Amino acid sequence: MPKKNDRTKELFTGSRVCLAPMAGYSDAPFRLICSSFGADFCVTEMMSADGLVRGGGKTRGLLARMEGEGPLGAQLFGADPDTMAQAAVLAAAPDRQSRSAREAALSGPAFIDLNFGCPVKKVVRKNGGVAIMRDLDLMEKICRAVVAAVDIPVTAKIRSGWSRDEENYIEAGQVIEGSGAAAVILHPRYRTQGFGGESNREHLSRLREAVKIPVIASGDVKSPDDYFKLVEETGCSVVMIGRGAFGRPWIFREIKDRLAGREPADMPLMSRLDLFERLLDLEIEWYGERPGILELRKFYRWYFRGHSGMREYRQRFTAADSRAEVVFILKELREEIEKVWMKSE
């Protein structure tokens with residue numbers, strides 16, 4: 001059996017850009033779309049270690065995968081080392097109780113990711129997420145327990161600290177490294193910033209100098225230019241993209257094209273509509289028609305933002321409650337776009 005370090009090298013060899021874990025977004029259909037556009041690996045939505053250990057079906061469902069997905073990391077949050085270790089063992093195992101034989105045949109995750117960076121109140125109140133950055137002894141116990149419990153690599157995601165006055169990302173990174181983790185992911189904002197304000201890329205550079213394990217950069221990448229600027233400024237070889245992929249999952253392909261010396265392929269509006277219909281079908285396949293339509297609604301404003309005349313269509317999409325209705329609206333939108341193009345020729 002390959003050693004963890006060997007698996008880590010395999011995982012990150014050639015990897016340049018990946019999909020971040022995002023609650024409510026990083027589900028199997030969206031991950032599959034991002035993988036198809038070149039995301040080297042993706043990470044699940046954040047899962048409660050307590051929920052997983054208690055056998056919560058909804059929590060376990062976050063681990064389920066679709067055929068065609070690339071390497072996957074399973075992200076856990078919690079504050080008890082033993083519970084986190086138990087949850088990691090459960091998460092690392094292939095899914096034997098999935099919805100179909102096809103899903104059961106899929107391999108388990110490539111790595112376990114520990115969330116020490118979530119700033120959301122309901123997580124922090126339970127002493128999870130970024131709250132653990134205020135207790136590096138606890139962070140070390142969690143990391144060591146999980147690393148010892150599983151045979152796959154373990155990574156950890158952190159922030160710059162709780163606040164500017166409690167900045168401790170270097171100390172946290174060194175604790176994570178010393179605990180045997182394979183890599184550290186840094187979102188260079190404080191908990192007090194939430195997702196607002198500017199991220200501090202100097203923190204990424206400083207952390208790279210302070211540890212020997214890979215540092216994965218996270219935050220504020222919304223275009224290929226952002227990606228290349230971040231890599232140049234920090235020296236990080238792997239970059240994690242989150243909100244920048246919401247309505248633009250082809251950002252991974254654009255980056256890969258630039259890395260290969262090719263001009264990034266354009267994604268015209270018609271092609272975006274085709275992609276949106278594909279996502280529609282994946283959501284329905286995964287959740288069922290009615291739940292799939294509801295899941296799709298969060299993407300409307302992202303896919304169609306920036307295009308004139310889309311407000312009315314977004315409202316109609318939001319009101320639709322069947323695949324037939326959504327497809328009919330897409331058909332009308334395509335016809336309207338074609339008329340505009342014909343007039344402009």
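1. The crossing of H5 and H8 is right-handed (the near helix is turned clockwise from the far one by less than a right angle). This is a predicted model, where local features need pLDDT of at least 70 and side-chain atom pairs count only at pLDDT 80 or more, while totals for chains, interfaces and linings use all residues. Residues are numbered from 1 along each chain as its sequence is written, and side-chain values use heavy atoms, leaving out hydrogens and water.

2. H5 (residues 81-92) and H8 (residues 136-149) pack with their axes 8 Å apart, at an angle of about 30° (axes are lines fitted to C-alpha atoms over the stretch in contact, and angles run from 0 to 180 degrees between N-to-C directions). That makes H5 roughly parallel to H8 (under 35 degrees). Helices here are DSSP runs of H or I, at least four residues, and strands are runs of E, at least two, numbered from the N terminus.

3. Who meets whom? On the H5 side, look for Pro81, Met84, Ala85, Ala88 and Val89; their partners in H8 include Lys141 and Ile142 (contact means heavy atoms within 4.5 Å).

4. Now find Asn127, in the loop between H7 (121-124) and H8. Asn127 is not a glycine, yet has a positive phi of about 65°. Most residues other than glycine have a negative phi. Asn127 is partly exposed, with a relative accessible area of 33% (partly exposed lies between buried, under 20%, and exposed, over 50%, with a 1.4 Å probe and protein chains only).

5. Asp220 also has a positive phi of about 65°. Asp220 sits in the loop between strand E8 (215-218) and helix H11 (224-234), and is partly exposed at 24%.

Terms used
Angles under 35 degrees count as roughly parallel, over 145 as roughly antiparallel, 65 to 115 as roughly perpendicular and the rest as oblique.
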